[in-house]
Amino acid sequence: RKSLPRCRRINRMLSNDSAPPPSFSRSNSQASMDSTSMEDFWCEVESIKESSEDGSEEATLLEFKPADEGELEAEWLQDVGLSTLISGAEEEDGQALLSTLTRTQAAAVQKRYNTYTQTLRKKNKHTVRDVRDIFGTNDSSPTFETVPVSPVPSNGIQLPGQKPVWKSVSSNSCLDCGQDKGSTSVTEELSYEVSFSESIMVLPKSQEWPKNQRFKKEDSALPKFIVRKSRFGLTEVGDLSPEDMKKIRYLSLIELTAFYDALGVELKRNRAERVRGRENGLFGVPLNVLLENDQKKVPGIKVPLIFQKLLLKLEETGLETEGILRVPGSASRVKNLHQELEAKFYEDTFDWDQVRNNDAAGLLKMFIRELPSPLFTVEYLPAFITLVEKISKIKLQLQALHLLIMLLPEANRDTAKAFLQFLKKVVANEGKNKMNLWNVSMIVAPNLFIYKGKRANQQEMQAAATTAHIVRLLIRYQDILWTVPSFLISQVRKMNEAAMNNSKRQLMFDKGVRKLLRRKTMERERPERPEGAVTFPPYLQSDIPEGVIRVYAPLHSKVSMAIQLNSQTKAKDILARFHCENSRSSSQNVRGQIQSLHEIGGNIGQHCLDPDAYMLDVYRANPQAEWVIKPKAS
């Protein structure tokens, strides 16, 4: 490499032998790597600096603002959907959210609200609501009106007083994410049934990183995780409606905060002043703006067209190129290709055959670096770096990272998923391209986590090995990280049910005001009901017997069918029955599409069901839902 001598000087400068070490010395990181194993990382940093000096990237700073006391708590309450606690308004969404919280989640909310109110009282701004008005606490013994959490048997989570239960796992009943076949790495089972914060026990000293502990760069050092499917199956991020995913983000931030509280780790947060990007073009444009422009050409697209094209180019011709991503392309060629793409891409006149693989990789990394807001948002990156440096257990690191992925904006999450899927393919071709998991992680980490700000550069250089480890976890466990934990979906269902009950009570109140006298008269004339009797609303008094659902398939010739459910009926069984009934009469267009069974309405917005979901369990969880067969959103 052209810059290799300078890279070696950087390594010597950052080594422990140099005196005095600079403020961004890697030795400041408790969990670090030796200079030789991190050489690719620092060479990539140097390459990024050179491209910035050449003017190919604008030197726009991403600045951080210091937060005033109490402001972070106020922002946190707003970010979790509890702005009503600040404004004092009685909104149904906030009440519904509070009613679903677990013990540890409620404690996390109460702790932040306490800090916020105490700060306001010190500043004498205005009267704030007392925390006891929200959580029903008294001075002597605080109590929480929270959702009870009971241990789920045979789920692989070890709760206090409970021994772990392990069962043999077949390939079609779980999500397998980890080492290849034949690996001797440790296998662990994950569960999504109980919230992560509720399942944490007091960590022994052995779970903390000893001083000067180093990451093991061998792939075998990472455990193999297996996620057992519950009877509801597994749910991917794209399987839920945008409205429900918004609630997932609220709950994920609350759960992440409770998780850190349970571990005794401070949840640090950055406040970044967003840099306003370009409103048109390809590079340096915010993801949401770029997607809005692209969706005018390709409706429903979720990943920017230029990013897709760069990935496709590399997948078609570059996966077997030795040193792909690591070996830089020509700086002058990359600069010229950048300018030519900006002028010709949307006109479909750009010649992709002229692009060399290393130059395409350089354009891909440039696109990620030039995003006005980083692909993995910066707010909680310091929190995760702190956790990795303090807690050595990969399972806990993975759970925290899982919640951070749930917090990402939709455009960032979809683009990051496409990028990580490409990186997984690069690692899979290690035999030819000589790029193993750790090599790829070291090259990608500076592009993802070293931003266009002086303070950010120094902060991330201080934790170089940690950021590379984060990328390694993202690549290896991406199938797990893009699966929505089932305990969060259960809480969303409870939120929706609480909101529906509030709406029904309001509707009944409005009608009751108009018909108060007539209703009072009718109640006097009615005989007394036995204690405990329940009156069902009309929509539940239907002719459909218990355990029978009516499934609609608007794209098939037979658009409706009543299905009798039993304890073994799965979603894929219903799909197979419709396919059999319509195999002769369905159009060729329908036959070519992948159809999925969707749960719509009731206590969920829209939910694309796992083919292995047991329908009787799903039906009992949401008896008011409609069941529709249609193509799954891609």
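Which residue takes a positive phi in the hairpin of β8 and β9? Gly602 does, near 75 degrees, and the hairpin has two residues between the strands.

Some ground rules. This is a predicted model, where local features need pLDDT of at least 70, side-chain atom pairs count only at pLDDT 80 or more, and totals for chains, interfaces and linings use all residues. Residues are numbered from 1 along each chain as its sequence is written, and side-chain values use heavy atoms, with hydrogens and water left out. Helices (H or I, at least four residues) and strands (E, at least two) are DSSP runs, numbered from the N terminus.

Let's take the sheet. Five strands form an open, mixed sheet, in the order β7-β6-β10-β8-β9. Its edge strands are β7 (560–564) and β9 (604–608), each pairing on one side only. The twist averages 25 degrees from one strand to the next. Strands count as paired if DSSP finds at least two bridges between them.

Now walk across. Strand β6 (residues 548–552) runs antiparallel to β7, joined by five bridges. Tyr552 stands opposite Ser560 of β7. Tyr552 also stands opposite Val628 in β10. There the pairing of β6 and β10 is parallel, over two bridges. Val628 has His598 opposite it as well. That belongs to the next pair: β8 and β10 run antiparallel, with six bridges.

Angles run from 0 to 180 degrees between N-to-C directions, and axes are lines fitted to C-alpha atoms, for helices over the stretch in contact. Contact means heavy atoms within 4.5 Å.

Next, a helix pair. The axes of α6 (residues 103–123) and α8 (residues 242–263) come within 8 Å and cross at roughly 90 degrees. So α6 is roughly perpendicular to α8. The classes are: under 35 degrees roughly parallel, over 145 roughly antiparallel, 65 to 115 roughly perpendicular, the rest oblique. From α6, the contact uses Thr104, Gln105, Ala108, Val109, Lys111 and Arg112. From α8 come Ile254, Glu255, Thr257, Ala258 and Asp261. By type, that contact has four nonpolar, three polar and four charged residues. Ala, Val, Leu, Ile, Met, Phe, Trp, Tyr, Cys and Pro count as nonpolar, Asp, Glu, Lys and Arg as charged, and the others, Gly among them, as polar.

How many cavities of 30 Å³ or more does the structure hold? Three. A cavity is a set of points on a 1 Å grid, over the protein atoms alone, where a 1.4 Å probe fits but cannot get out; lining residues have an atom within 4 Å of a point. Points are joined across faces, edges and corners, and volume is the space filled by probe spheres set on them. The largest cavity has about 50 Å³. Its lining is Leu190, Ser191, Tyr192, Phe196, Lys395, Leu398, Gln399 and His402. Helix α14 (residues 394–407) gives the largest share, four residues. The lining divides into four nonpolar, three polar and one charged.

Notes:
1 Å grid on protein atoms, 1.4 Å probe; cavity = no way out; pocket = protein on both sides within 12 Å on 5 of 7 lines; lining within 4 Å.
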